[in-house]
Each structure stands twice: as structure tokens, then as C-alpha cells.
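The paragraphs below walk through a few residues of the model shown here, taking each in turn with its place in the chain and its surroundings.

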Amino acid sequence: MQTSSTDRYAQLFDDLKTKQQGAFVPFVMLGDPDKQTSIEIILTLVENGADALELGFPFSDPIADGPTIQKAAIRALDQGIRPDDCFEIIAAVREKHADIPIGLLLYSNLVMKPGIEAFYAKAAQVGVDSILLADVPLRESAPFRDAAVKYNIKQILIAPPNASDDALADIAAASDGYIYLLGRAGVTGTESTATTPVAELAAKLNQHKGAPAVIGFGISKPEHVSAAIKAGAAGAIAGSATVNLIHDNLGDKQLMLQKLADFTQAMKAATL
Amino acid sequence: MSNKLESKFGQYGGMYVPELLIPALDQLEQAFIDAQNDPEFQAEFIGLLKDYAGRPTPLTKVRNLVSNPLVTMYLKREDLLHGGAHKTNQVLGQALLTKRMGKTHVIAETGAGQHGTATALACALLGLKARIYMGAKDVERQAPNVFRMRLMGAEVIPVDAGSGTLKDAVNEALRDWSASYETAHYLLGTAAGPHPFPTIVREFHRMIGEEVREQIMQKEGRLPDSVVACVGGGSNAIGIFADFIDSPEVGLVGVEPAGKGIDTHMHGAAIATGSSGILHGAYSYIMQDKDGQIEESYSVSAGLDYPAVGPQHAHLNDIGRATYSSVTDDEALEAFQLLAKKEGIIPALESSHALAHALKMAEAADKETLIVVNLSGRGDKDIDHVQKILKGDN
């Protein structure tokens, strides 16, 4: 269980800095394709080199996601996965891996329904380190950040490629744990790769001396990871590419886990 | 990092969208503020409303529909507006804003195809390229409207994801916009969604209520006791309410679709459920399950088949300035037929909800009562559907 002195992200980024590595952070949907397999998938990711985890809660109306992640949410919802199942999966992973930073990436209504405080309290209880709400911009983030502080959770904010310099400064100042730097406009997916001059964006963010910037959206290959690190990011997040391996191997769990293991190793190797 | 206009209505509204869309929404807010203060823009908008769309629309006193002699009922005839519904008003306004922002493309969602059709006509007129997202099921069910949109040059994109209906079309339009905001404007079709849409849509429909005020003063020498309108997202209702909000003697009554009954799960009465949450960028009343997953709405009327309501309606409800009731499919179908038979007007199924509730009010009235109903659209689009239902094949 998490103690108030634990700062797994700070620990991770310090360690990686010493080792001169970037962070590889895979994303998967909790409960995809079912509860038990989801636990095995996440353990496979951790045991093959993932430095941190981004985990989604399935939501009926994911406006920031492309078809791959939408389908993963539908698979999980069709299995009857509910928020309590998601928390149980996380608790199972946390029990085996005390040190890996675990982040949640979800939509605000799943937090509003039980109540912001109740949701953050539950997340803290199962060992969650950070929460990113895909549909909560800085402007609406105050009540969520207050709850995050209260329960010792990092509230992650997104720095989009089209933000003004002032907006970037505000986001850098407010995002705790790390800053999720969008590699490009649009929604999640491997259909298009990161195209924005991320080096410039990463440099701007690094200037503000906020939390480390980690790039997401359009990261599907080892060369995207090495380019992200080279551009000045502290790490890279791969969601749709990871989830595609689940989708493509639904009929053969062992093969699915093997492919996820190989993928994680290759992506991690690109951070060295 | 703040808004220039108030982004909330009490606790409702806001901008619950990905950070990526904030610059586009800020740009829209600024363009709207500038346009409201620009006489040239206003002249062009008013000119189009008058000479292209046919404003002002008449206020018609019903002759045979109401049997209670204490009651006088008027219909605000948005059904006579070009395009067949009130929607043309705000679509023209937003299309002009699109041009003002230097954007060349328009994205829109549509359920039954009414907003899509209105968007297509405005884009044809103003030389904009329209891409309209429509649930795959709706594309099949609403073939004539799909043809209308294509006839006017719009691209219609069927959406398979999710339930294949309006809410999924909104999701897809938002996804498109997050990749295309530099050249495209998202022309949202109702008084819902993130700020500044609820405010823009209200202001571009507020002439409905302004005209009613002038017309009723001329005809009756007093303001109405009640103004009644149907509420899906709530654009025609907020349009007719807006000018009366500060006239407390005028009762404002919104009518939600009760479908097969609000205790059946087969309805679209978000306010009646009393459950608030975030959908499509705004905090408001929404239909959701115990975990916060959005539920499918249902109504015989596609234009009211939406699992949320505009945030200003949520606020007007909470402060008691407006009251919201609901009407079932059957009651709406009865009003639909009654207006045709008694007055020679075929109303949209959406507007039939408002009418059905107004008829209940009329029946219950025990003193002189003056009621205005927003007849937000005409029913030609619904004729095949209603015929099937009445024959019992549906």
C-alpha cells in the first residue's frame, strides 16, 4: 500500500536520469479483454520492461480516443467490467509490484458519478499514483487537483501542440508527476504518427522546470520512442499500438502475451 | 487562461473537453463576441434570416384545437421557416461565424438529419464544405434526409461505433474536430456541448422569443402566461425562452420526451431522471447508469432522442425559473394527429410533445389563460414513420 512519503514518479525519473534512459509507458484498457487476462497482460508489461503504467477505465463515450481504444473499451464493457473491477485489477498488480508508478487515464463522468473525493480516495487506496482525465482541461481542473492533493495523487495535465506559450507555462506549473505532451493533434491511434515539432514543445516545457514531459499519441514503434527521447522528452507512452496486439491476438492468449512481451522489450530498448 | 463570457449556468455547463480543443473554443468565443458587436455581421445575419429563411415567422391563434373557452392558444410557426424547422436560424449564424474565422470546412452531427439538412443548406449558400456525421442506423432510417444533404453538396459520413445514433455522431464529430480545428468549424446543432456553444446557439435563436413578445403584445396587449417548448438538447426552447427569462410573469415550460414512460428506460427525459454528470463537454442532467456510463435515450421523435439536456435548462430547472414536464410517444402522436385534423397543420413529432403538454395545461385551466407553443418544425419528415406506427407495423 502507498504511504504518504512515496513518490514513485520522482523516484523513477531520478533513476532513469542516472542511467541515462527514457521511460517507456504502455497503456492498456483495464478489463480488456476480460478481468483475469487483463491482470496477466499488465504483469507481462511490467515484467518486460515497462517503466510505468497508464491504465484506462472503459467508458461508453470516449471522445478523445480513436477506434482502437474505443473497441478496447467496448470489449471490457461487454465483459461487464465496472469501476470496482478496474480497482481490483490495479490492486492485484500493485500487490506484486510495489514500486512501479501506476497512472489512470479516464473520462470525467466516471469520477463525477461516485463523487470526486470518493473516486480519488479509492484510487489512493489501491495504490494509484496519478490520474489524467482526458476531458478535463486545466480550466476545469481545480476540484480534481484539490482531491488529488488531499489523497496524495498526482494530477496529470495534457500539453497540446497548439497551446500558446502562456498556456504551456500554466500547464507546466499545474501538472504534477509528469506532463503528458501530445505528439500531434487528433485522437489516439496509430493511423498517424507524431508530427508536431515535439523538440520545440519539449524544450519549452523543460524551460518551465515543471514535471518531466512524456510524449503520447502516435507512438507505435521503437523509432518513435527514440525520436521522442532525442527530442527532449523524459519518456513515451504507447496506447493504441499496445492495445492492437491484444485485439489482433484475442484467439490465442499465450501468443498475445508473448507479443506484448516482445513489443515492450523492443520499445524499452529504444529508450536506452 | 479564462473565458471572456460566463462559461457556466450556475453549476452547469463548462468546457469538459480535451485540452487540445480549448484554443478552438476560445477562438470561437472571441469570434462570436466580435460578431455580436459588428453591425456588418448583424446586418448580414438579419438579412439572411429575413430574405432567405423567411423571418419573422407568424404567430397563429388556434381556432378549433382548444375546447376550454378560458384558454387562448397561439403557435409560433417555426415550421414555416426555410428548412422546415427553427434550426435554420442558428445554422446561418454559425456558418457566418465560420467564414469570419477564415475556416472553409464545417463539421456537424445529426440524428434524424434535420440539423444536418440545415447545415447543408447554409453551407451550400455560403460556399462552405460540410461533412456531416450520422449514426449508421440513422442513415438507414432517414434515407430522404441523407439524400437532401447530399443533394446540397454535403458529405454524409455514417458512424458505426457505439450505438450508431446521435450521441455517437457527436463523439465522432468531436474526434474529427480535434484533428481539423485549424480549417474546420464544428457547427454543433443544439444548445448543449461545451462553452461557448450553449450561449451561441441561444443567442442565434433568441429572435424566436423576441418576435413572440412583439406579436403577442400586438394581438393580445399582454404577455403570455406560459410559453411551452419541447426539449431534446433544448435549442428551440432556449430560443423562445431567452427573451422572457427576465419577465417573471411569463411561465416557461419545457417538455421532455417520456418515450414509452420515464419508468421504462425507454425515454429521453434527462431532467426528469434528476441525475447530473458530464457528457459532450458540459456538466448537466444526463442519462447514465450507476457507474456513470452514458445510457441510450429513446423517443419516437428522433430530434428529442438525446441522453442529455443543454446546461442552461438544467440551471433554469434548479432555480425554478422554468418547469420541465414530459410527454409520452403516444401523447405526442395524438397531438400530432389532432393539430392536423383541427387546424390543418402537420407538426413535427418533436413539436407535438410541446403541443401535447400545452393541451393538458389548457384542459386544466380554471381562469383566463394565454399560452404560446413553439411549433418548432413541420411534420412532413415524420409522415412515413407515423403512418407505419398508426398501421401498427412499428
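Strands, labelled E, are DSSP runs of at least two residues, numbered from the N terminus. The model is predicted. In chain A, strand E2 spans residues 53–56, and Glu54(A) lies in it. An unreviewed UniProt entry annotates Glu54(A) and Asp65(A) as "active site". Of these residues, Asp65(A) is included in the lining of the second largest cavity.

Glu54(A) has a relative accessible area of 1%. Because buried means under 20% relative accessible area, Glu54(A) counts as buried. Residues up to four places away in sequence aside, Glu54(A) touches a set that includes Val25(A), Pro26(A), Phe27(A) and Val28(A). Gly103(A), Leu104(A) and Leu105(A) are also among the residues it touches, as are Tyr9(A), Ser130(A), Tyr178(A) and Ile237(A).

Asp65(A) lies in the loop between E2 and helix H3 (67–78) of chain A. With a relative accessible area of 10%, Asp65(A) is buried.

In chain B, Ser299(B) lies in the loop between strand E12 (282–285) and helix H12 (311–318). Ser299(B) is buried, at a relative accessible area of 6%. Its side chain reaches the backbone nitrogen of Ser301(B) at 2.9 Å. Apart from neighbours within four places in sequence, the residues in contact with Ser299(B) are Pro257(B), Leu304(B), Asp305(B), Asp329(B) and His353(B).

Methods:
Residues numbered from 1 in each chain as written. Chains lettered and ligands numbered in written order. Predicted model: local features only at pLDDT ≥ 70, side-chain atom pairs only at ≥ 80, totals over all residues. Heavy atoms only, no water. UniProt positions renumbered as here; feature names shortened; annotations may be inferred. 1 Å grid on protein atoms, 1.4 Å probe; cavity = no way out; pocket = protein on both sides within 12 Å on 5 of 7 lines; lining within 4 Å. Helix = DSSP H or I, 4+ residues; strand = E, 2+ residues; numbered from the N terminus. Buried < 20%, exposed > 50% of the residue type's maximum accessible area, 1.4 Å probe, protein only. Contact = heavy atoms within 4.5 Å. Polar contact = N/O pair within 3.5 Å; in protein donor to acceptor, adjacent residues only side chain to side chain.
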